[in-house]
Amino acid sequence: MLVIWAIDAIREPGTLLEHSAAVLDEWASRLPLQVEPVFILTPSQLDLALTPDGRLPMGVESRHRAAAERALAQVVDQHSANRSHLRRSLLPPVVLMEHRTRTRAAVEALENHARSRGAMLVALPTHGRRGVARFLLGSFAETLLLQARVPTLAIGPGVETVPSLERMA
């Protein structure tokens, strides 16, 4: 069972990634999971302007892709180091380049990747913001939950793992 672990390797606070790693580690202890960490790199994350034809400037993509791949590998190593079940289930990290700047475009890129890989689920950390903060900052997780056709698990700061599956009955 393939789970896509959507990670923002540049801006995601460590506590959110640590929490999502703990949840995935718990799942991997109970289920035969393969977890593929995925980072969607967009021009807005890099504070880059696109050329008039909507492309990244020449040479920028390869340079930033390599940096994003290093950042993603480092984040995955850091947050899976003490999680043996997650560590065993990890696939090589993947960086997707999305040239469009809208959140919906990044969601589409992630969804297309998940569907092409046959993923059963996309899991991602979420801040759990409310009110003005959510309105001003938007929400990748919310857009994914509302518009994607792939099952999605948003792991917020308040999500707890269940000590025993029998408790769920």
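1. Let us start with a term: a residue is called buried when its relative accessible area is under 20%, exposed when that area is over 50%, and partly exposed in between, using a 1.4 Å probe and protein chains only. With that in hand, Arg149 counts as exposed because its relative accessibility is 60%.

2. A word on what you are looking at: this is a predicted model, in which local features need pLDDT of at least 70 and side-chain atom pairs count only at pLDDT 80 or more, while totals for chains, interfaces and linings use all residues. Residues are numbered from 1 along each chain as its sequence is written, and side-chain values use heavy atoms, with hydrogens and water left out.

3. How many salt bridges are there? The count comes to six, where a salt bridge is a side-chain nitrogen of Lys or Arg within 4 Å of a carboxyl oxygen of Asp or Glu. Three of them are worth a visit in the next points.

4. Find Glu26 and Arg30, whose closest N and O atoms are 2.3 Å apart in a salt bridge. Both residues belong to helix α1 (residues 14–30), four residues apart, which is about one turn of the helix. Helices here are DSSP runs of H or I with at least four residues, strands are runs of E with at least two, and both are numbered from the N terminus. Glu26 is partly exposed because its relative accessibility is 22%, and Arg30 is partly exposed at 30%.

5. Helix α5 (residues 103–117) holds Arg104 and Glu108, four residues apart, again about one turn of the helix. This pair forms a salt bridge with 3.6 Å between the closest N and O atoms. Arg104 has a relative accessible area of 22% and so is partly exposed; Glu108, with 27%, is partly exposed too.

6. Now for Arg149 again: its side chain meets that of Glu111 in a salt bridge (3.8 Å, N to O). The pair links distant parts of the chain, 38 residues apart, with Glu111 in helix α5 and Arg149 in the loop between α7 (140–147) and β5 (152–155). Is Glu111 buried or exposed? Glu111 is buried, because its relative accessible area is 3%.

7. Next, look inside. A nonpolar core is a set of buried Ala, Val, Leu, Ile, Met, Phe, Trp, Tyr and Cys residues joined through side-chain atoms within 4.5 Å. The largest one has 25 residues, and Trp5, Ile7, Leu24, Val35, Phe39, Leu72 and Leu86 touch the most other members. At least two residues of this core come from each of β1 (2–6), α1, β2 (34–41), α3 (60–80), β3 (94–97) and β4 (121–125).

8. Leaving aside residues up to four places away in sequence, Leu24 touches Val3, Trp5, Leu33, Val35, Leu86 and Ala123, where contact means heavy atoms within 4.5 Å. A second, separate core has 19 residues, among them Leu2, Val122, Leu124 and Ala141.

9. Finally, follow strand β2, which is mostly covered, with seven of its eight residues buried. Strands count as paired if DSSP finds at least two bridges between them. β1 and β2 run parallel and are joined by five bridges; Ile4 has Glu36 in β2 as its bridge partner. β2 also pairs with β3 in the parallel sense, over four bridges, and Val38 stands opposite Val94 in β3.
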